[in-house]
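Let's take a walk through this one together. Have a look at the fold and the metal site below, and then we'll go through them in turn.

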Amino acid sequence: MVPKKTIAIGVIAVTAAIALSFNSFSGQASSIKLDMKEVNWEIKPGLTTKVWSYGGTVPGTPIIIKKGETVNVTGVNNLPSATTIHWHGLVIPNDQDGPGKTIKPGEKYSYSFKVNESGTYWYHSHYRPVLDQVDNGLYAPIIVKAPEDEKYSGDHIYIIDDWYLDSNGNRLSGTARGEMERFGNIETVNGKSGSAIEPLAVKKGQLHKLRFINASTAAVHTIKISGHRFRVTHTDGHALPSPYESDVLTLSPGERIDAEVAAIGDVGQVYAIESDRPELGLIIPIKYQDGQVNLVASPFVPPQAKGFAGIESRTPDFTLDLNSVMEMPSHNNMAPASPAVGHASHGNSTPPAAPINSHGGHGAPAQAVTSEMQMQGSMRWTINGQSYPNVPPLEVKLGQIVKVRIVNNDISTAEKMDHPIHIHGTEFQIVSQNGKAPARETWKDTINVPAGEYVDIAFTMTNPGTWMLHCHILDHEDGGMMTTVVAK
Ligand SMILES: [Cu+2]
């Protein structure tokens, strides 16, 4: 076993040299100061980029606590922009959730909340345009440890991101893939790419816990493992009554998966956990150390099923129709001869105009509309035909079992975009996908709704307030695919 070092993360910022592994540190949650600041961050030797950070690193300072503990965090804004902090996935009082508390440059804000559920969560900026802030690096893990987590041979966080950079590390605007969303040309895990990624060190017989978090603003990450199997135990922090095995994991933006990996390989063999786009640099080598240990049994105890009885046959309380519209600015007298078409013209196969970037230079807030953008029109993302803040809120009662059908009708553009929908302040049961019950009871806070498909979810709000509901592809969220759940 790797000896444990205790580092009080409230005092010491975790440096690049320390992997995000609980074998390397365990946190003291008492009082954490997050210095939000711009720093230069080395993604790999020879490639450094300017980032916005929580505490000087990307990902930012990990917050590691135990179930039932209270978190006290003071965010100090030394960024050139206002910001907010959202505690993604945590069920906490509304006034601590973050999006409503703008922290201006030079100001600070203190959060305090008790965390009653264990699991893998993360925190990130929710200040609009959110894309710029998260894309610049304002994200970090918040891990609420369950007692059984201590029994793994290792407990590791892998927070995945992608970056669109030139060879000098300058942030490029637009997208690497020709689509409208911000896709990168380099992928990172824990802020590092390629040879800078720390291998997963194991010994034969061990059992490791891996916590994957997708912090990308648009990219779905498909993660494969060679010579081993993932045993998926948690989705978005929630323990599965029926864990399952797979050698591939898929995470949409905002999603998390916890998986066990049993060290069944051999010294000298080459194994890896890698992206299905390995050329972008996301490869975690699995490195066997000499020797072996007695087989470590899984400490995971699946919870009792807790799905809402009879929910499948209930009529949804709300239906959310997701879509998008390409709009030509009405004041534009330079409209191209063949205007880009939106969803008003179903069946037209004209691809959308070239990628639209309204989130230009690094650190810049929303920029002035350029003549190029006027030529291209702009994309608006909609729920029931409206964009935030014009989408009517979902008004619910505290404790009410709410069933929501989310329909992705965004099928007429060439892209056929998926929309991973996230709700703040609650967890929800996946009731069905395209009318079919999931293979196993699943609770999440972010669910991908593929183009042309629909998903039914159910939840109860336990804390009063106005909670965000939005697509976690942040281009879409900033472009209007957001509403609120108002719980009274
Ligand atoms: Cu979306």
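How many bridges join strand 7 to strand 8, and do these strands run parallel or antiparallel? Six bridges link residues 119-124 of strand 7 with residues 139-145 of strand 8, and the two run antiparallel. A word on terms: strands here are DSSP runs of E with at least two residues, helices are runs of H or I with at least four residues, and both are numbered from the N terminus. Two strands pair if DSSP finds at least two bridges between them.

Before going further, keep in mind that this is a predicted model, where local features need pLDDT of at least 70, side-chain atom pairs count only at pLDDT 80 or more, and totals for chains, interfaces and linings use all residues. Residues are numbered from 1 along each chain as its sequence is written, and side-chain values use heavy atoms, with hydrogens and water left out.

Now for the copper ion. Its protein donors are His419 (ND1), Cys471 (SG) and His476 (ND1), lying 2.0 Å from it; donors are N, O and S atoms within 2.8 Å of the metal (3.2 Å for Na, K and Ca), and sites may look incomplete because water is not among the atoms. Along the chain, the donors follow the spacing H-x51-C-x4-H. Histidine 419 sits in strand 24 (residues 419-423) and histidine 476 in helix 3 (residues 474-478), so the pair ties together parts 57 residues apart in sequence.

Histidine 419 counts as buried, at 0% relative accessibility, and histidine 476 is buried with a relative accessible area of 0%. Buried means under 20% relative accessible area, exposed over 50%, and partly exposed in between (1.4 Å probe, protein chains only).
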